[in-house]
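Here are some notes to read beside the structure. Please take the points in order.

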Amino acid sequence: MFFRLLMESFRRQRRRKMLAGVAILLGTTAVTAMLALATTIGDRIHKELAVYGANIVVYPKADLLDVKVGGVDLKPASGGAYLKESELAKLKTIFWGNNITGVSPELPALMAIARKAGDPLIAVNAVGYWFDHDFNTFKTGAPTLHPWWRLEGSWPIPRSNPDSRSVVVGTNLAKKLGLKIGDTFVTQGTQSAPSSRLTAIVAGIVTTGGEEDNEILLTLHDAQAYVGANDAVRRVEVSARTKPEDAFARVDPDSLSPKQREIWYCRPYANSIAYQIREAIPGAQAEQVRRVEQSEGNVLKRISGLMWLISAAALLAAGFAVSAAMATAILERRGEIGLMRSLGASKGSIALLFYAEAGLLALIAGTIGYLLGSGLAAWLGARIFAGDGVAAEAVLIPVLLPVVVALALVVAIAGSSPSIRTALRMDPSTILREDA
Amino acid sequence: MTVSEVKVVTGPLADPTGSTRDDCAVIALKHVTREYAGHGGVVRALGDATFSIVAGEWVAITGPSGSGKSTLVNLIGCLDRPTAGELKIDNVDTASMSATELDRFRADKIGFIFQQFHLIPYLSALENVMLAQYFHSMTDEAEARAALVRVGLGDRVSHVPSELSGGEQQRVCIARALINNPPILLADEPTGNLDAANQKIVAELLQDLHRNGHTIVMVTHDPEMAGLAQRRIALSHGQVFCHPVSGPMVTLRRSTDRL
């Protein structure tokens, strides 16, 4: 009988239920979209801010030490210490290894070049990079971490001919030397073997807006060979998904109690990831690039605040709309309420019936709202983060379904409560007389 | 003789078994008053009502509009509670009950028959009867069907109210009132909305129920219907005037003797 009454109320008051349902639907659609975006916005913002470069830089700890004798700094200008390229694989083994999304090691070299043999030599800076390096689960390199670099031509390919190198030339340097794609030039030997000569082929010309515009970019292995330091890396840029920085992120972990330190360690702050990198790679100093981290944190904080505000407003509006629709629906059925009371129905059993109606409505509208909201989030995501390759399934977050349905239930029940309470307070005999 | 000319206070009546009226009372009011707070002060809808109705008795409550009939019906139907005095239904003082207990008590003790039938329009005759079962305890389709057969609607069980005549709807209402076997049937103008033919059918049905031992308290404006009752309780300006039994003396029953 309960279900019969429940179903009939939907069949008979289709319009009223529809109005209340649409209110819940709109509210939950907005909330789902906001929650879905809020859940994934960290990743998206990180991707967006990745265009500003890495958020962690790793370099040899020895570079921190001053080597002064008699007031003279004896440390080589380019830095004398190296990290080992082979140890970079350890980045994936740290606690937050899966949050590392890009790695770009660098090795600078001073190169003497001439357009052709016999021409006067020109000293230029060269830097070895990864360009499309297979880093276990993803491919990475300088282009990934510097998406603003504009390349004409192609990135250097790993050396196939021992007598020639494929390089990319910075745009200013290319202009200065009159180099075009496909041109060749010669390098005056190597730092390790100065008498040898190699031919370099210009695979591309890059515009970065930075120092690279005056440099030669070559593969890391070529740079290592040129410098004569196998497996050597001078500096590593790391891009990692991190939690926005807060006061706790900035504390010195060594000053914390073991429990607090564990909490700090297990949070994906840039600082804690840098700390873990220092632990994983001996002799490495890792530090966060604070400007990027702070920007990410500020953007996230503001967007999250705005989303919560929109969600709350949507739910509040839905609550009012449900309240109005349910008030009319219940008023229309006051005769039934009076009859039920005269038949001995307790206020509780009648309230249960109306709350079940509101609950069922919330369940249906909440579920549809979840699906629509997920779609809306996908659409919004694709619009806001254009070019991010956002797919609909990327925001269909199953864990949000119970949350959204629970919110729909709260809205429906809270919205219906005033009308239900008013209806139950009415004198049944008065209702029956009025209904007569 | 008019209602206002004679005021009769019912007292203990002897019956052939030796039981007194108070022993057999299924409804007993002692100095019952019901007042409401209105804009112009307190309004006394019913004042100092004292009478009792014995099990198996058929009583008609009459009076003009505003005389307190509805207030009295609400009190007897446990839809309301007196401001002062004692109201006992089946020997239980309703004043001491909580709202929930009163709901339960109403489901057990009172069967309502309304002038406007008050059937749920989207439920069939059978389901309307089962609705009373549902709020009382649990539904029993066979029992509900039997109740409809008893009121002559065995072939109309699956019809919704709009497919039934006024008389048939009232009979569904009577079947619903009877389904939980309450000791008291409270009928509010049961024929007030019926044509003569249907009025006759319903009147015969009530007579039949009375013959079977049901206690019937009936509010009516219709002198013919009031004449079917054994006793008439007349109300005027919130005061109760009781008339002696006009027909053959009822055989008093204890409430537990109800069929």
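Predicted model: local features only at pLDDT ≥ 70, side-chain atom pairs only at ≥ 80, totals over all residues.

1. Cys78(B) follows α2(B) and has a positive phi, near 60°.

2. Chain B carries an open sheet of 4 strands. Its order is β2-β1-β4-β5, and the pairing is antiparallel. The edges are β2 (41-54) and β5 (92-93) of chain B, each pairing on one side only. Strand β4 (residues 84-89) of chain B meets β5(B) over 2 antiparallel bridges. Within β5(B), Val92(B) is the residue opposite Ile89(B).

3. Now chain B as a whole. It has 259 residues, and 50% of them count as buried. Its elements number 8 helices and 10 strands. Take the contacts in chain B between residues at least 6 apart in sequence: 71% of them join residues at least 24 apart.

4. How confident is the predictor about chain B? The average pLDDT is 78, and 84% of the residues score at least 70. Among the elements of chain B, helix α1 (residues 21-24) has the lowest mean pLDDT, 63. Strand β8 (residues 215-219) of chain B has the highest, 89. Two stretches call for caution. Residues 1-18 of chain B stay under 50 in pLDDT, and the model gives them 23 contacts beyond four places in sequence. Residues 245-259 of chain B are also below 50, with 33 contacts beyond near neighbours in sequence. For the model, ipTM is 0.73 and pTM is 0.59.

5. Turn to chain A. Here 39% of the 436 residues count as buried. The chain has 12 helices and 16 strands. Of its contacts with a separation of 6 or more, 78% are between residues 24 or more positions apart.

6. Strand β6 (residues 122-129) of chain A pairs with strand β5 (residues 100-114) of chain A in the antiparallel sense, over 8 bridges. One pair to look up is Ala109(A) with its bridge partner Ala126(A) in β6(A). β6(A) also runs parallel to strand β13 (residues 215-219) of chain A, joined by 5 bridges. There, Gly128(A) stands opposite Leu218(A) of β13(A).

7. Where does UniProt place the feature "transmembrane region" in chain A? The unreviewed entry puts it at residues 306-331, 352-382 and 394-416. In the model, residues 306-331 of chain A are 100% helix and 0% strand, with end C-alpha atoms 37 Å apart. Residues 352-382 of chain A are likewise 100% helix and 0% strand. Their end C-alpha atoms lie 43 Å apart.

8. Look next at Lys301(A), which is found in helix α8 (residues 290-332) of chain A. Is Lys301(A) buried or exposed? Lys301(A) counts as exposed, because 12 C-beta neighbours lie inside 10 Å. Pro244(A) is 57 residues away from Lys301(A) in sequence, yet the C-alpha atoms of the two are 8.3 Å apart.

9. How do the chains meet? In the model, 20 residues of chain A are in contact with 25 residues of chain B. On the side of chain A that touches chain B, α1 (2-12), α9 (334-342) and α12 (428-435) of chain A each supply at least two residues. That side of chain A divides into 8 nonpolar, 6 polar and 6 charged residues.

10. Finish with the cores. The largest nonpolar core has 117 residues. Ile24(A), Val129(B), Leu148(B) and Ala175(B) have the most contacts inside it. Helix α2 (residues 14-49) of chain A gives the largest share of this core, 11 residues. Another core lies apart from it, with 59 residues, including Leu83(A), Leu145(A), Val167(A) and Ala174(A). Back in the largest core, consider Ala175(B). Beyond four places in sequence, the contacts of Ala175(B) include Val129(B), Ala147(B) and Leu148(B). Arg150(B), Val151(B) and Leu153(B) are also in contact with Ala175(B).

Notes: Residues numbered from 1 in each chain as written. Chains lettered and ligands numbered in written order. Core = buried A, V, L, I, M, F, W, Y, C linked by C-beta atoms within 7 Å. Buried ≥ 20, exposed ≤ 12 C-beta atoms within 10 Å, placed from the backbone. Contact = placed C-beta atoms within 7 Å. Nonpolar A, V, L, I, M, F, W, Y, C, P; charged D, E, K, R; others polar. UniProt positions renumbered as here; feature names shortened; annotations may be inferred. pLDDT = per-residue confidence, 0-100. Pairing = 2+ DSSP bridges.
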